[in-house]
Amino acid sequence: EDDFQFLHCEDCQQESPNLKLLTCLHTLCLSCLRKNKASGQCHMCHTAIPQAGSIPNVDNLLFTNLQARLKVCKKIVDGVDLFCDNCKKAGEFWCSSCKEFFCTNCFEVHQRYLKRENHDAKRVMDIRAGSAKEFLEGTRKTSNLSCSNPTHKSQTVSIYCNKCEKALCCICALLDSQHGSFCDIRSETQRRQEELGTMVQDLKQKRSSFEVTYSMLQDEAARLEQAQREMRELIRERVEHLVQLIRQEEEELLMLVETRQEQGRQELARELQRVEGVLRRIEASEKLVEKMNLYATEQEVMDMQPFIKKSLEDLQQLQPAATGDQVQPGNFAECGAKLQAL
């Protein structure tokens with residue numbers, strides 16, 4: 001189960017059948033998404049959520065379909081209610097193409113009549129002896145793309161139209177004159193996967209820059225806290241030697257230190273939050289593309305790649321603050337000057 005914790009909502013860490021993919025590439029359930037909508041930003045990386053008045057209609061098809069396939073795997077491993085979908089006898093075989101269980105007799109009929117279809121049917125015992133990853137890899141290979149024409153859903157899809165950017169069956173490619181510039185659908189699927197992989201590799205290089213900036217901001221925040229503590233101590237040591245008439249000056253100095261410290265802390269906190277959000281978005285993109293490479297069907301790649309690509313392009317536009325542009329919190333020079341005069 002630890003291998004598939006990524007299928008849970010990234011906010012509440014609970015399993016959900018309704019997972020939504022945000023533009024920052026974090027995945028949330030509907031309940032958490034509604035809570036995040038109220039704040040107007042993703043709880044994981046603080047990125048603004050678009051369409052503030054409604055829930056975005058972008059389903060994480062990869063995670064949702066993986067959950068469904070894992071349920072079948074768990075059912076086989078547990079051995080509960082494994083009945084032939086044809087005659088209701090004990091199910092001894094599972095066909096990932098038909099998504100049905102078969103008894104021995106029905107399996108022989110299935111193999112006889114569908115021997116040219118290359119259906120991948122396996123013994124339940126063999127599946128149970130393997131791992132969940134092996135089961136998912138096997139079912140991934142049997143998942144077929146659907147033709148973009150709703151009346152041709154039963155047709156085998158092997159062509160991609162570069163003109164309209166859709167998967168087609170042979171009937172559409174031959175009879176519909178609006179299509180042109182074809183290529184093999186698997187070549188297009190591979191190209192899209194490679195495109196996402198290249199973008200993630202570029203982001204990995206940019207990630208190091210953000211990590212350096214994040215570390216520098218943390219060090220600056222620690223320095224600010226240390227400077228604040230040291231100044232408070234110095235003020236108290238000297239004011240203790242002064243007479244009662246200057247106690248009011250002491251309080252004014254302490255208030256000024258607090259003000260400078262709070263201003264600097266707020267500035268650093270905002271910049272730290274922004275950089276941390278970018279790092280989390282990059283991490284989410286790496287994780288999602290990795291899982292797509294491992295488990296995504298061709299249909300899922302075709303459906304989700306444009307959305308993910310757009311999000312990765314937006315992420316690539318971000319740059320860490322240059323050394324001279326980083327937040328420079330105010331120091332305590334003014335406090336020191338007043339103290340010296342006092």
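Reader: Hello! What kind of model is this, and how are residues numbered?
Author: Welcome! This is a predicted model, in which local features need pLDDT of at least 70 and side-chain atom pairs count only at pLDDT 80 or more, while totals for chains, interfaces and linings use all residues. Side-chain values use heavy atoms, with hydrogens and water left out, and residues are numbered along each chain, as its sequence is written, from 1.

Reader: How many helices and strands does the protein chain have?
Author: Helices (H or I, at least four residues) and strands (E, at least two) are DSSP runs, numbered from the N terminus. Counted that way, the protein chain has 10 helices and 8 strands.

Reader: What share of the residues count as buried?
Author: Buried means under 20% relative accessible area, exposed over 50%, and partly exposed in between, using a 1.4 Å probe and protein chains only. Of the 342 residues in the protein chain, the buried share is 39%.

Reader: Where does helix 9 have a kink?
Author: Helix 9 covers residues 298-316 and has 19 residues. From its first C-alpha to its last it reaches 25 Å, close to the 27 Å expected at 1.5 Å a residue; the expected span is 1.5 Å times one less than the number of residues. A bend is the angle between axes fitted to the seven residues ending at a residue and the seven starting there. The kink of about 45° comes shortly before the proline Pro 306, at Met 304.

Reader: Which elements do the buried residues of helix 9 pack against?
Author: The buried residues of helix 9 include Met 304, Ile 308 and Leu 312. Contact here means heavy atoms within 4.5 Å. The packing partners are strand 1 (19-21), helix 2 (61-78), strand 6 (157-161), helix 7 (185-239) and helix 8 (247-295).

Reader: Which residues is Ile 235 in contact with, leaving aside its neighbours within four places in sequence?
Author: Ile 235 is among the members of the largest core that touch the most others. With those sequence neighbours set aside, its contacts are Leu 253, Leu 254, Val 257 and Leu 339.

Reader: Why is the pair of Phe 6 and Phe 63 edge-to-face?
Author: Rings of Phe, Tyr and Trp (its six-membered ring) pair if their centres lie within 6.5 Å; planes under 30 degrees apart count as stacked, over 60 as edge-to-face and the rest as tilted. The whole structure has 3 aromatic pairs. In this one the centres are 5.4 Å apart, and the pair is edge-to-face because the planes are at 65°.

Reader: How many residues apart in sequence are the parts that Phe 6 and Phe 63 tie together?
Author: Phe 6 is buried at 10% relative accessible area, and Phe 63 is buried at 4%. Together with Tyr 295, they form one aromatic cluster. Phe 6 lies in the segment before strand 1 and Phe 63 in helix 2, so the parts they tie together are apart in sequence by 57 residues.

Reader: What kind of pair do Phe 93 and Phe 107 form?
Author: Phe 93 lies in strand 3 (residues 93-95) and Phe 107 in helix 3 (residues 104-113). Both residues are buried. Their ring centres are 3.7 Å apart and their planes are at 5°, so the pair is stacked.

Reader: Is Met 125 buried or exposed?
Author: Met 125 lies in helix 4 (residues 124-129). With a relative accessibility of 58%, Met 125 counts as exposed.

Reader: What is the phi of Gln 13?
Author: Most residues other than glycine have a negative phi. Gln 13 lies in the segment before strand 1 and counts as partly exposed at 42% relative accessibility. Although Gln 13 is not a glycine, its phi is positive, at about 60°.

Key: Core = buried A, V, L, I, M, F, W, Y, C linked by side-chain atoms within 4.5 Å.
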